[in-house]
Amino acid sequence: MSDPIRLADYTPPPYLIDRVTLLFQLGFASTEVHAVLHLRRHPDASATRELRLHGEDLELLSVELDDAPLPASRFIADAAGLRLFDPPATFRLATRVRIKPAENTRFEGLYQSGTFLLTQCEAEGFRRITYFLDRPDVMACFDVRLEANREQFPVLLSNGNDVDRGELPDGRHFVQWTDPWPKPSYLFALVAGQLGHIEDHFQTMEGRNVRLRIYAEDRALPRSWFAMDALKRSMRWDEECFGLAYDLDQFNIVATYDFNMGAMENKGLNIFNAKAIVADPERATDADLTYVEAVVAHEYFHNWTGNRVTCRDWFQLSLKEGLTVYRDQEFSADQGSRAVKRIDDVRLLRANQFPEDSGPFAHPVRPAEYVEINNFYTATVYEKGAEIVRLYERLLGRDGFRRGMDLYFQRHDGQAVTTDDFLSAMADANGRDLQAMTRWYAQAGTPILEVTEHHDPATGKLTIHLRQQTPDTPGQTDKQPVPMPIPMSLYDMEGQRLLVQPDGAAPGFEDNTFVLTEAEATLTFTGLPHKPILSLLHGFSAPIHLRHPQDWPELAVRLAHEQDDFSRFEVAQTVGERLIRHVYDGHSLDTLPHLPRLGIAYARLLEESSLDPALVAECLNLPDEAYLSEQIDHLDPHRLFTARRSIERWLGSTLTAPLIHRFQQLHATAGGGFDAPSTAARRLRHRALALLIAGAPDNHAPRALLLCRDARNMTERLAGLSLLIQHGLAGGEAELARFLADYHDDPLLIDKWLAVQAADPQPGAVDRVRALIGHAAYTHRNPNKVRSLVGTFGRLNRVGFHAADGSGYALYAEALQAVDALNPQVAARLCAVFNSWRRFEPVRRKLMQDTLERLLAAGLSRDCTEIVEKALAGH
């Protein structure tokens, strides 16, 4: 493995680049790039004998310094870049290089997607376009001229505003783009080719009339208007909530089916994976539309949190990503149910980030070192980073958080900064000492909060003891306490909330919230002759594991009466997890004396008409296998799957009547569009049907078949299809064939067709996935196809992937190697499924270890090698 890059070794760049002039002579097979860089020595740097510019896979055609050819003795071009000897304090460097977009299967730099060319430069893709100081703390103004054959490339786009265009000889034309705002090279973008567009306009609060366009293939354009509406709502929301207006005359989005990630926030020219743009209710599910809305908002919000203020180095990646995830979460919460949005975010955090924090690839939100930066676009940097931003809001209040944001932009607009700069702005704007927040950035691992209670009926005193600790992670021990805001409430056994305050002066307790800053603390409450029921961590106020043992009657009361929506969901998760563990450990549900009371509490959820149906659906949705797997040592994944299914079966049979009632009652509402009542109704109807089928498959299979055949929208059709396939019900194969026939020409729906089958736990899963890899609808070259088939099989098919004979691991490793040869960045994401191999029972543990060792011996990219080596090193 290559030597790591360390945060402790950071030094400012030896030179700054004030302005860049680029000329592209575009072609699929060959593109020439003429670059003129205006360089000056960094004020804090001394004279250097050598300046290295980054560059990869570039054919150097010429190099000039201050308009004169540079002698061969003054430079060396090698595989890593361009080395300049004895550079002056200020100079103008002109280079001309040739690149080959059509041969670029990595989708980094400039590459071909169908009938057009496009770029992806974050994190280090610009060095595959031209020689540059390709690091985020070098910010320059860009002038870009694009020249190409008009017939092949009628559309020519780059960052900023187009300021000139015209015709050239031989059927060629040009467009000139200028971006007045300094930006790092990772935000450069170019798109050229045959694309149509839709257009709208937005007037900012400052009076600027902004032209909005979404470019895509013609067939995708009619399905892009929802994304356009989401963009306009995002722009208005950012003005209203943060006072941030857009700063160019044009905002362009391009959708492509060939993209390594979700989207990219290039200044003024966002480039999106088509799945994050192309969506309408007829061919997209509610989840798809929610995703489009969130990703459009996320990339637009980067205009300020990421573009106008960017990160000094890649160790600060969460400065832009965690902050912007927080912002898109808040936007989405304001578009619908805030409680359900919070539940969705926490589910994602627990399924993806918590396992990362407890595995061999555990790393702080601000990592101390990396080998391949692409491997650090992780749930820790994004989702845990967003939780840290939310902690600021919890600690300072909404007004205090806004003051901190205002000061952050006032101080750092146009700069590349650090998480320490963000913390200082929050602290200074509110006159608060927030230094302890640095521990959240610097320490890996998910903190554990242990809560114990003692009630003395003679004195009516309740004593609550809180103790926090963060487990050891690779390279980190002896963790320090982190600030934790802990909202709390007390209930009596009838479910009535008790209005009490802790005894005496309780530092850190305000508005029913205690801020734990030390390793341990004790609170006492008096005037309580009967033991109350304690509820903690409302709204999931900190990204932690809560260890708070409560007995079954207490859980039943909270499930039926909890007033905080998230806490009600949380207690349902706790009940579900304990029931699953009870069965997993070999016990019968009949041995639980309080089971009928739990059934009554679940029934009350279904019967409580004032509750949001989407919240009820989530309370009935058991913890997923990915999260549960992290709670069990010596895991048998097949036994866990069976245990979870048995609890679904119990819920379906116990709640049959109220489930059928809600399924039928919500039929009309569920036929509506993408609005809150309709989406909530669909969410509960489909959860109800899933439990009914788990309880009595033969009795309720016709309902799933009817839902699929008579679907009024794609959400219904895919819900019915998934249930048919997941349970091996009659009619499933015919509906799969009908789906393929209906949507064979729609790449995004073919992705869903692949994913439904990849997640199928029925016998023969490995053979089915192998056959699909050979299907004409699949290719290893397309990241969406890889994620839909191979990625879904590894992440969601816990039965097939973990086949006892190791055949699932073998197939997955074979596909991973094939993808790695084409696109290491996508392949590296696939490696993560093996990170928790040490948690499994001995047979599967050995099979996964052998698979990892074979992968390493076979030779992998640097991206994959880093992850596989860390997995084998273990934790």
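**Close-up 1. How α18 and α19 cross in this predicted model.** The crossing of these two helices is left-handed. Helix α18 covers residues 732–743 and helix α19 covers residues 747–758, and their axes come within 9 Å, crossing at roughly 165°. Angles over 145 degrees count as roughly antiparallel, so that's what α18 and α19 are to each other. On the α18 side, the contact is made by Leu736, Phe739, Leu740 and Tyr743. Helix α19 brings in Leu749, Ile750, Trp753, Val756 and Gln757. Sort those residues by class and you get eight nonpolar, one polar and no charged.

**Close-up 2. Where α3 meets α4.** Here helix α3 (residues 317–335) and helix α4 (residues 338–357) have axes that come within 7 Å and cross at roughly 140°. The two helices are therefore oblique to each other, and α3 passes α4 in a right-handed crossing. From α3, look for Gln329, Glu330, Ser332, Ala333 and Asp334; their partners in α4 are Arg338, Lys341 and Asp345. By class, this contact has one nonpolar, two polar and five charged residues.

**Close-up 3. Inside the largest nonpolar core.** This core has 283 residues. Helix α5 (residues 379–412) supplies the largest share of the core, 14 residues. The residues with the most contacts inside the core are Phe24, Leu26, Phe188, Tyr392, Phe422 and Leu579.

**Close-up 4. Phe188 and what it touches.** Phe188 is one of the core residues with the most contacts inside it. Leaving out residues up to four places away in sequence, Phe188 touches Leu22, Phe24, Thr119, Cys121, Phe126, Ile129, Phe142, Val144, Ser158, Asn159, Lys183 and Asn266.

Key
Residues are numbered from 1 along each chain as its sequence is written. This is a predicted model: local features need pLDDT of at least 70, side-chain atom pairs count only at pLDDT 80 or more; totals for chains, interfaces and linings use all residues. Side-chain values use heavy atoms; hydrogens and water are left out. Axes are lines fitted to C-alpha atoms, for helices over the stretch in contact, and angles run from 0 to 180 degrees between N-to-C directions. Helices (H or I, at least four residues) and strands (E, at least two) are DSSP runs, numbered from the N terminus. Angles under 35 degrees count as roughly parallel, over 145 as roughly antiparallel, 65 to 115 as roughly perpendicular and the rest as oblique. A crossing is left-handed if the near helix is turned anticlockwise from the far one by less than a right angle, and right-handed if clockwise. Contact means heavy atoms within 4.5 Å. Ala, Val, Leu, Ile, Met, Phe, Trp, Tyr, Cys and Pro count as nonpolar, Asp, Glu, Lys and Arg as charged, and the others, Gly among them, as polar. A nonpolar core is a set of buried Ala, Val, Leu, Ile, Met, Phe, Trp, Tyr and Cys residues joined through side-chain atoms within 4.5 Å. Buried means under 20% relative accessible area, exposed over 50%, partly exposed in between (1.4 Å probe, protein chains only).
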